Amino acid sequence: MNGIMEAAVQSLLRPSENLKAVLEVEVTQLQERGDLSSSSANDRSRRILAVVSHRRDYVEDEDGSVLILKRTPGHSIEDLSVEVAYPISGSFSFSVAQARRPTPDLRTSVIETGATLGQSRSELTLTIKYELATETRSHTLITRDTRKLQSFTAECRRLKDIFTRNEFDADFSWLSLYTQENSLKSFSSPRDLRTVNIPLHTQLSPASAGLPGDDAVDISIVRENWIYNKAIEEASTGSSARLLIRTGTFNVNGKMPSQDLSPWLRPTKRDSENSGWISPLKAISPLDILSNPIDEQVTNSLGASYATLAHANLNNNATVSDPDLLVLGFQELDLSTEALLYASSTVKEDAWVEAILAGLGERGILYEKLASKQLVGMLIVAIAKKSRLPCFGDIRFSAAGAGIMGIMGNKGATAIRMSYTPLAQEISPSPTVLTFVNAHLAAFDEMVERRNFDFHDLSRRLVFDQTDELGSNSYANTALETSRRTAGLYESDVLFWMVDLNYRIDIADGDVRELLASSPGTDNIPILLKYDQLKTAIASGKAFAEFSEHAITHMPSYRYASNTSADSLGYDRKRKPAWTDRILHMSAPGVPVTQRSYCSHPQITMSDHRPVSADFELNVSIVDKQRREIAASKLYRELWGVEHSSNPPKIKLQPMTLDFGKVYYKRLIRHTLSIQNDGQIPCVYRFVAADSKQPICPQWLKIDPVVGVLRPGESSTTTVTVFVDNPSASRLNLAPPRLDFTLILHTALGKDYFISVTGEYQYTCFANKLNRLTRLPGPVRALKSPDDRVPARQPANAPREIMTLINWLMTHVTDPNDLFNGPLEENTCMNIRECLDKGDQFPSPQPGEERGSLATAITSTLVQLLDSLVDPVVPPYLHVRCLQMTSRDEAFELLDEFPPESVNVWISLTAFLHYMSLQKPPSQSSTDRVDMAERLATIFAPVLLRDDSTGLHTPVSPIGKRKFLLHFVG
């Protein structure tokens with residue numbers, strides 16, 4: 001068979017299936033129970049029939065099937081898909097008769113151009129029937145190719161005879177591969193974000209060397225994940241659509257709109273828009289805006305920058321394009337007594353929607369309300385550009401109460417789920433599902449566990465039912481591309497929470513205000529965020545695990561006062577300031593999300609909260625939906641049956657030994673490992689541990705990827721990375737320097753392969769215990785054994801490495817500003833660490849190079865060395881006592897309770913800091929010297945009195961730590 005049609009059909013089949021006959025036909029009775037889709041297009045009224053046989057391992061006879069295939073409209077012949085698959089069994093029958101109507105000459109078919117010129121021109125009717133338990137499916141088809149029809153019917157008879165002889169041995173399970181029901185099930189809805197964002201190897205069965213686990217189940221999990229990603233990759237058009245989303249959250253404290261909302265709604269605000277009150281909406285002349293708003297939107301979209309802002313470089317003042325979609329969450333819309341019950345009035349919603357459109361100013365004419373959902377005091381509103389409205393569809397809603405008795409509507413959440421489908425020519429793009437949640441959780445500092453519980457409870461109860469109806473005030477695409485079935489909250493490509501979570505700050509009210517009131521208060525935001533309840537919940541996995549929140553650089557958004565009870569910053573003296581209003585998101589790995597801003601808007605003062613906004617940019621890959629489905633079907637058939645094959649998987653590894661040479665503290669080294677499938681079947685592989693109680697690899701070693709799939713003949717590259725951080729160094733510093741580890745690569749239903757990893761660890765003074773550093777006989781790199789120590793009877797001095805850094809700074813730095821203000825080069829810090837470990841002299845400034853940059857690098861290295869110590873200089877059990885000291889004399893007396901090694905470090909370091917605070921450059925006043933002491937204490941106090949990471953000792957006030965250090969420095 002060498003025709004185009006035969007080749008196209010053959011490409012759909014697995015190696016275990018053989019194409020026996022193929023026949024082009026025309027559908028004539030689309031109304032019959034054959035479930036064939038109808039269309040007036042020629043390529044939809046034509047079908048291809050294929051007789052396919054399957055031979056099982058160790059079995060001589062065959063199983064047969066008839067596939068009815070169709071060509072995807074607008075695609076080439078190669079893009080065939082299986083419409084119906086029938087097993088040739090006792091329920092299968094066919095008949096041939098003379099056709100009773102004229103038909104066009106099929107010899108001109110674009111599908112088969114190589115028809116034999118001498119073939120018969122008579123029209124024949126082929127009827128295929130298949131009897132099910134409750135009905136009989138029938139297809140009546142027309143063909144004129146009598147030669148191929150004869151071949152088709154002969155093969156059907158032969159395979160049915162085989163079935164009759166071996167009826168009890170027949171197994172048609174392989175036929176399920178040729179139905180879309182199985183191969184496309186993973187595309188019916190986005191995968192759960194909580195699953196796709198955790199490493200794939202953690203979802204597999206426990207396995208170790210010699211104990212492979214449940215390989216069959218693991219193959220199924222890895223295969224589905226691989227097909228999902230590979231099909232999208234093959235169907236990608238290589239282009240993307242940019243979607244700009246502005247999200248916001250605002251607790252309005254029961255107020256009606258009374259101020260201009262433009263600072264919250266618009267990325268930039270013109271100087272002419274300074275009025276604090278909303279003016280009545282008025283007609284806008286076409287001369288006041290562009291003649292074609294859609295043209296302007298397209299121009300802005302094409303001309304906008306695609307630069308991605310790094311996490312630490314969020315630009316809250318950047319000029320950005322107008323958002324395509326605004327989604328805003330309001331809380332405490334209604335504080336009346338009736339708000340304890342579920343209410344349905346839209347009066348306040350209408351007022352706020354009108355205020356939103358007014359706040360958009362002259363741009364408001366470009367937007368229209370897309371959807372909204374209110375639950376008493378909680379309202380979520382989506383407003384889209386009119387030019388983008390056709391892109392949004394399948395809009396659904398959900399709401400759940402979490403207030404009094406856990407169900408009342410004064411607390412809880414409202415949510416909107418929608419699909420975004422980019423406009424594209426000639427193809428039907430796959431939609432991207434966006435979900436937005438507006439929530440309001442329990443108040444007060446001590447209710448943190450209730451907030452954690454409500455998050456999980458709302459995550460479970462917020463579901464989007466297929467019975468949800470769109471209101472008359474909502475816009476929806478009539479051609480819904482997504483199946484209208486019940487969907488969970490996390491079945492989304494991108495999930496946003498714009499919320500008043502009510503998480504507070506776990507330090508004293510006075511400390512919070514003092515840190516915020518210092519100049520500038522924003523410098524202390526990172527210190528306060530260490531005590532933020534939400535950050536703690538995320539780090540511990542108790543709530544919002546796997547969610548992303550970008551760096552907070554704005555002042556707390558709660559609680560402001562509007563009367564004489566306000567402090568100097570405007571906060572209510574009776575309530576501790578906190579970042580209660582937050583915006584978090586989670587996205588699938590294949591949907592890149594860039595956050596462009598995250599800020600509060602103190603200009604809007606009508607409430608005791610300040611509104612918060614965040615701008616996001618989504619670059620959505622345009623994926624041909626139909627091509628993706630075809631690719632998934634092919635890949636599914638190609639990988640099916642691996643767990644049932646009699647052929648073992650075989651791979652080839654290169655190299656079998658990875659030698660990393662000298663391994664240094666905090667220096668990254670990468671090697672690659674090539675894996676090739678030398679077998680006859682697809683291979684699923686994973687790295688496993690030597691035994692069930694050990695990790696796959698030590699902490700200083702990383703493998704990427706840990707799991708993979710290779711088709712026969714394919715190869716892939718695995719990256720093996722060595723990086724020694726503080727936890728790793730603390731162990732390696734006490735072990736022999738030789739690194740020797742064996743990676744174990746397990747092939748599912750196959751054997752294990754072993755890769756040797758070697759290296760020579762270079763000891764470092766970082767990440768040691770302080771008492772060990774004080775007992776080292778010389779530079780750490782000169783140790784013959786990690787057990788080398790000076791005699792215990794010898795007095796313990798401060799570690800030479802710490803004293804070397806302090807002495808250099810005391811000798812060379814006259815302007816204390818040089819400690820912080822010079823440019824920090826990582827290579828310089830690395831060289832300084834190497835000098836400390838070897839006992840060498842520090843590098844001297846190059847001619848023309850300012851000494852300040854070297855001073856900054858040495859100061860930074862000193863802080864890093866102190867912070868890397870296994871235990872802090874001041875033991876955590878003394879932290880509470882430190883904060884109880886009220887005078888310098890009391891503080892010095894407390895040193896008697898310090899461990900001996902800590903006393904020497906403390907005295908040397910505080911003497912240096914005191915000396916630096918006394919330095920007076922010509923331009924510095926006595927007030928500046930006080931500020932310098934405060935600045936030094938702010939940097940060094942959290943390091944010297946580092947919080948206990950084990951949780952055995954409660955963290956103490958950062959202000960108290962600073963004050964204790966100032967007894968010695970100030």
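Contact here means heavy atoms within 4.5 Å. The structure is a predicted model, in which local features need pLDDT of at least 70 and side-chain atom pairs count only at pLDDT 80 or more, while totals for chains, interfaces and linings use all residues. Residues are numbered from 1 along each chain as its sequence is written, and side-chain values use heavy atoms, with hydrogens and water left out. The protein chain has 25 helices and 29 strands, where helices (H or I, at least four residues) and strands (E, at least two) are DSSP runs numbered from the N terminus.

**Chain as a whole**
- Of the 970 residues in the protein chain, 52% are buried, a term that means under 20% relative accessible area with a 1.4 Å probe, protein chains only.
- Among contacts between residues at least 6 apart in sequence, 74% join residues at least 24 apart.

**Nonpolar cores**
- A nonpolar core is a set of buried Ala, Val, Leu, Ile, Met, Phe, Trp, Tyr and Cys residues joined through side-chain atoms within 4.5 Å; the largest has 131 residues, and those touching the most other members are Leu 67, Leu 862, Leu 866, Phe 898, Trp 906, Phe 940 and Phe 964.
- Leaving aside neighbours within four places in sequence, Trp 906 is in contact with Val 873, Val 874, Leu 895, Phe 898, Leu 944, Leu 945, Phe 964, Leu 965 and Phe 968.
- A second, separate core of 77 residues includes Ile 245, Ala 371, Cys 391 and Tyr 531.

**The six-stranded sheet**
- An open sheet of mixed pairing is formed by 6 strands in the order E10-E11-E9-E8-E20-E19, two strands being paired if DSSP finds at least two bridges between them.
- Its edge strands, each pairing on one side only, are E10 (367-375) and E19 (593-600).
- Strands E8 (residues 236-251) and E9 (residues 325-331) run parallel and are joined by 7 bridges, with Leu 326 of E9 as the bridge partner of Arg 246.
- Strands E19 and E20 run antiparallel and are also joined by 7 bridges, and Tyr 598 has Ala 614 in E20 as its bridge partner.
- Because 8 of the 8 residues of E19 are buried, this strand is largely enclosed by the rest of the structure.

**Helix H11**
- In helix H11 (residues 509-517), the buried residues are Asp 511, Val 512, Arg 513, Leu 515 and Leu 516.
- These buried residues of H11 pack against helix H12 (525-529) and helix H25 (958-969).

Technical notes: Buried < 20%, exposed > 50% of the residue type's maximum accessible area, 1.4 Å probe, protein only.
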